[in-house]
Amino acid sequence: MHDTLQLTAVSEEGEGRRWLRAIPDALGVAIVIIGAAALFYPAIRHGTLLGPFDFGKAINLGGSFSHPVRNSVDTDWVFEYWPWLSLDRGLLAHMQFPLWNRYSGMGMPEFANFQSAVLGLSDIIGYLAPLKAEFLVTLFVRIAIAGTGAYAAARVLGSQPIGAAVAGLAFELSGPFAAWMGWPFADVFCWVGWIIAFGYLCYRPRDGSRATPWHFVGLVASVAFAVYGGMPEGLALLLLVVGVFFLVVVVADLFRKEVPGWAGLLRPVGGFAIGLAIGAPLILPGKQLVDGAVRSSAHAQPLESGYMLGALSGRWCGSPLSGQHYICGTNYYEAVGYVGVAILVLAGLGMLRSWGAPGVIPAVAAGAFAVLVSYRIGPIDLWSLASHVGLGAVVPSRARILVPFFLALLAARGADRLASSRLPAGRYERGANGHGRPRYVPIDQRVDGKVLVALSTSVIVVVGVVLLAARVAGDAPFSAMSGIVARVRQDALHVPLAVTALAVMLTAALVGIYLVVPGRARATGEGVPGRAGNSGNRSRTYRRGVALTWSARVALFILLLAYVPTAIATTTPLLTFSHGGPFPENPELVALRRIVGSALVGVVHPGNPASRSAMAGLGITPEENVGYEIRELASYDALLPKALVEGWTGPERSALVDQVAGWFIPSVDSVSLARRYGVEYLLMAGGGPGPAGTRLVHDFPSKDFGTVSLWKVPGAQQATLEPGAAASPLWTDPAAPLRAAPGGTAAGTGGIGTGARGTAVRTGGIGTAVGTAGKGASTGHASALSWLDDNTFAVRVSASAVATLVVRVTDDPGWHATIDGKPIPLHRHAGMTMAVQVPGGVHTIVFHYWPHALSEGLWIAAAGAAAMVMIVAIELLRARLLSRRQVSAGRRSRHLPRSDTGACRLPPGTGAGATPG
C-alpha cells in the first residue's frame, strides 16, 4: 500500500512538472502568433477589407486605370485568388465541388489549376469565416502555420524556446515569405517547418525514445497539405530543397556512424510517399494541365547576384507603393529578399558556435542550395541544368522564399547562445591551503558577446564595400536608377544599418564590463584568501559572469527590438486595405450584368491584347469577372491551355499570350469570329461604329475612353447545330463500352471510328477529320446551354438528320457526354471547343466534367490513406504490447523481497546449500 501511494505521488508530481515544462513552449508559440497578428494590424486598422480592391474598382468598366491606389503590384489578389476563393466558397456552400470555372474564357479547370487551392488548409479555414474576413483569415493562417512550423523545427533540432521563437518570427516576417503571402506559394512553403520537424522525428526521435506513429501522421499530413496548397512549381522547389536538407542529415550521420538503421530511413521516405499519394487527386489531373499549358515551353532565369542585397533591407531599391509597378528592372515580389541584419548576425553566431549541433550543417547546406538556385552568382548558374530534368519553366528565384527559413534555424541557435542562463563553464576552487571561501574560476574564456561584435562589424564593413563597389561599377540593380531617386533608394539601406549599428554599440558597452574587468581582478588579487578585495561576497569573477550573461540577454532583446518593427514596416506596405466590398460595383457593371446575363462577352481593342492594360476601363479584368459572374472571352492563368492559342483564328495570334503571366485577351473584331467562338456581345471603346453586322445595345460612360459601346452579335450562341458528321472522337471515356453510332461504329479512346460519311482517325491528342460533310444541310435547332451545376450542362437538340452539335466550351480531357443517358464520343472542334455527332430527332445531350486522372488519383489517395492507417495501427499495437511486457516485468520484480541494499532476499530454506524438506 505504501509503495502504491508513493508511485501515485511521483506520478502526480511528474504530471505537474510536465505542465510546468510546457509553459515556455506555450509562451514561445504565443510570441509567434502575436508577431503574425502584429503584421496585419497596420494594414487593416484604417480599412474594412484586406486586399487592393481599390485597384480593381479603378481599372474595370467605368473606372480609370490612372486612379491612384495604395498598391498596384499585388493585384493578383484581385485578378485571380480572391475570385477563385469566392467561387470555391459559393460552390462548396451549395454542396458542389469546384472542378470547372465556366466564367473564364470559354471555361477553365478550377480544381486542377493548382492555384485555386480548393483543399488548402488555409482556404478551408477561410471558408468558415465571414465573407469580408475570409481573405484575412486565409492569410493569417498561412503566416501562423509558417511561424509555428519554424518554431517546431527549431525545437526538434534542439533549440530552446526563446531561440525557437526567434526562428518563428524570422521566417514569418521575412520579406520573401511575407511578400508572397497572398499567393498560393505561401500555402505551399508555409509547411516547410512542419515537414522538417515531423520528418526529423521520424528519422531520429528525440531523447533516444521511439518514433511515435503520430510523427508519421504529421509528416503525411504536412506533405499532403503542401500539395493541396497549390502552385506546382512551389511544390517542386520545396521538395528539392527539403530533399537536400535530409540528404545532408543522412550523409553527416554516415560520417559519424550514427544512422538510426533502416527503420529510421524508411519512415520519412514512406511519409513523403504517402503524403504525395494522398495529393494524387490534384497532382495527376494537374499534371495534364501543366503539360498542356503555354507556360510549359517557357524558360525562367535566376536573379542577378546584386539582388542579394535585398536581404539586408526591405526598403532597398524602393517599396511597392502608389503606382510603383517594377523596381530595379523586375517585379518587387520576384526580387524582395529581406531577412534583416539582426537575423543574419544571429545566424552567423549560431553557425559558428553550434557547428556540430543537430541540423546546423544540413541547414547551411539547404540554405546555400536555395541561394544557388535563386541567384546567378558570377559564372555559377545552377538552374541551367533544370531544363534537362523538366523543370525549365519553374521560376528559380522563388526558391529564395526558403532561404529565410534555414537562416531562422541558425538564428535560433545564436539566440540560444545569447539567452542562455548558464554562466561560462567553470568550477569552484578553494585557496591554496584548502581554506577560505570558494571562488568561481572560468574554464572557457570565449565570449559570445565578442563574436557578436565581430560579426556585426564585419557585416557593416562588407555592406559598405559592396555598396561602394556597386556605385563605382554600376551593378545591374543600380543601373536603372540615376539622380536623386537613385540616391534616396540606395540611402534607404542605411536606415536599418544605422539601427543595427546602434544596437551593436549598446551591446558592446555592456560586454565591455567583461573585456575590462579581468585585468583589474588580477591587480587586486580578487578571490584569494587574505588579500585585499575579498569582502566576503561572491568573487568579482563570478559577478563578471553574471554581467556577461545579462549583457548577452540585453543584446538579444535589442536586436529583436530593432528587427521586429523593421520587418513589420517592411512587409506591411504589401498588405493593402480597401473600403467596401471585395468586388466593388458601379452603375456600369450593374447594367452590363443585367444586359448580358449568362452570355459570353468579348472585347474589340487595338494593340497587343496580351496585357492587363488592354482591359483597362473597357471590360472586367480577368479573372476578376469570375467574382461578378460575368463570362468573358479572356483569361489570366499561369496554366492557360495551349489549345486556346493554337485554335485561335482571329487577328494578332502571335501576340495573344504572355507565356509567363498567362494572359489571354483576344480582340474579336468581326461577326464571323464572334459566331465561331460563341461571343454574343462585344465591348468597344470610342463610341464609333461597331463591327459590320452587329447591333448597338448600350453606351457606357468611361473615364478612359469617354464612351464604351456594347454591341449585340446576331446569330452567335454557345451551342449550334451544324449539318454533317463530326470529326474524329478526341476525349472519350476509356471505361465506356463501344456503342454503335448512327450510320456506322464509333471506337473508344485510341481506336478508329467509322462515321456516317467517312472515317475518322484519332492521332495523339487531336483528332483529324478524313471524311466529307453530308450532301444536304440538315435543319434543326439547339437550345442554349443549361448549366445543371458548374461541372455539368445540358443541351436539347431537335435535328431532322444526322448533324454535329458544336458547344463553345474549352475542350479538356475531363469532359464526357451522354445522349439520352447513353455515352457518346466527344470531338475537338475548331482546335479548342467540343462537338458531338447526334442522330435525327429530339435528344438531350448532357456534358459532365470529371477527369479520368482525378478518378485514378482518388484510388491512389485511398490506397495511401489505407497504408497510413495500417502503419499507425501496427505501431500502436506494438507499443501497447511492449508496454504490457514492461508492466508485467515490473510486477514480477516487485514480488521478489529485497534487502536494504536493494539485492533480492531469498526466503528461508532456499538457495545454495539449503537442505530440502
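Which side chains meet in a salt bridge at 2.5 Å, N to O? The legends below begin with that pair.

**View 1. The side chains of Glu 585 and Arg 593 are joined in a salt bridge.** The distance between them is 2.5 Å, N to O, where a salt bridge is a side-chain nitrogen of Lys or Arg within 4 Å of a carboxyl oxygen of Asp or Glu. Glu 585 is partly exposed, with a relative accessible area of 40%, and Arg 593 is likewise partly exposed, at 32%; the terms used here are buried for under 20% relative accessible area, exposed for over 50%, and partly exposed in between, with a 1.4 Å probe and protein chains only. This is a predicted model, in which local features need pLDDT of at least 70 and side-chain atom pairs count only at pLDDT 80 or more, while totals for chains, interfaces and linings use all residues. Residues are numbered from 1 along each chain as its sequence is written, and side-chain values use heavy atoms, with hydrogens and water left out.

**View 2. A salt bridge connects Lys 712 with Glu 680.** The N to O distance is 3.7 Å, and the pair links distant parts of the chain, since Lys 712 belongs to strand E18 (residues 706-712) and Glu 680 to strand E16 (residues 679-685), 32 residues apart. Helices (H or I, at least four residues) and strands (E, at least two) are DSSP runs, numbered from the N terminus. Lys 712 counts as buried at 17% relative accessibility, and Glu 680 is buried as well, at 14%.

**View 3. Five strands form an open sheet with mixed pairing.** Their order is E12-E11-E16-E18-E17, and two strands pair if DSSP finds at least two bridges between them. Strand E12 (631-632) and strand E17 (695-702) stand at the edges, each with a single partner strand, so one side of each has no neighbour in the sheet. E16 and E18 pair in the antiparallel sense over five bridges, and Leu 682 stands opposite Trp 711 in E18.

View 4. Arg 878 is partly exposed, with a relative accessible area of 46%.

**View 5. A network of salt bridges links Arg 204, Asp 253, Arg 256 and Glu 258.** Side chains of opposite charge can pair when their charged atoms come close. The structure holds 16 salt bridges.
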